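User: I'd like to go through the charged pairs in this one, then a hairpin. Can you take me through it?

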Amino acid sequence: MRRFRFSLFLLLALGLFGCGSSAPPAEAPQATSSQRYPLVGDVVSVDSAGRDAVIDHEKIADLMDAMQMGFSVPEAADLAKLEPGKRIEATLVVENNAMWLEGVKVIGDAKVRPDGNAPTPTHAH
C-alpha cells in the first residue's frame, strides 16, 4: 500500500510539473496585448462617417509627445460626444497595430493657445 501511494504521488507530481516543458498547450487562446493610456486633448475635427477625430492632445506618458493626430473612435456613443472646440478626457487603447479612443468624457472648452485661437487642423497621422 505504501508503494502504491508513493507511485501515485510520483505520477501526480510528474503530471503537475510536466517534463520541464514551458510551452502552453496548443489549444490555449492567444492573449491580446492591449495597453491603455489616459488621453487629454482638444477636439479639432470629427469625421462621423469615418468614425474618427483629430485631437490636439497633451503628452501621453510612456507613449508619445503632445501632438495633433487622428484617432479612430469606433463606439457611436463616444463619437457623439466629440465636438470641435471641446476639451476631452478619454482612454487611448493600443492593441497590436491599431489605436482607438474609448470612454470619451467632455471636460470643457478647448484650451486657447497663446495666439488667442483654439487649435485648428494641421495634419493627421
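Analyst: Below, we take the salt bridges and then the strand pairing.
This is a predicted model, where local features need pLDDT of at least 70, side-chain atom pairs count only at pLDDT 80 or more, and totals for chains, interfaces and linings use all residues. Residues are numbered from 1 along each chain as its sequence is written, and side-chain values use heavy atoms, with hydrogens and water left out.

User: How many salt bridges does the structure hold?

Analyst: There are 5 salt bridges. The term means a side-chain nitrogen of Lys or Arg within 4 Å of a carboxyl oxygen of Asp or Glu.

User: Which residue does R36 meet in a salt bridge?

Analyst: E102, at 3.2 Å from N to O. R36 sits in strand β1 (residues 34-47) and E102 in strand β5 (residues 98-109), so the pair ties together parts 66 residues apart in sequence. Strands here are DSSP runs of E, at least two residues, numbered from the N terminus.

User: Is R36 buried, exposed or partly exposed?

Analyst: R36 is partly exposed, at 48% relative accessible area. E102 is partly exposed too, at 24%. Buried means under 20% relative accessible area, exposed over 50%, and partly exposed in between, with a 1.4 Å probe and protein chains only.

User: Now E58. What does it pair with?

Analyst: R87, with the closest N and O atoms 2.2 Å apart. E58 is in the loop between β2 (52-57) and β3 (67-72), and R87 is in strand β4 (residues 86-95), so this pair ties together parts 29 residues apart in sequence. R87 is buried at 9% relative accessibility. E58 is partly exposed at 33%.

User: And where does K111 come in?

Analyst: K111 lies in the segment after β5 and E58 in the loop between β2 and β3, so their pair ties together parts 53 residues apart in sequence. The K111 and E58 side chains meet in a salt bridge at 3.7 Å, N to O.

User: Which residues are linked in the network of salt bridges?

Analyst: D42, E58, R87 and K111.

User: Switching topic. In what sense do β4 and β5 pair?

Analyst: Antiparallel, over 9 bridges. Two strands pair if DSSP finds at least two bridges between them. V94 has M99 in β5 as its bridge partner.

User: What about N96 in that hairpin?

Analyst: N96 takes a positive phi near 50°. The hairpin of β4 and β5 has 2 residues between the strands.

Methods. Helices (H or I, at least four residues) and strands (E, at least two) are DSSP runs, numbered from the N terminus.
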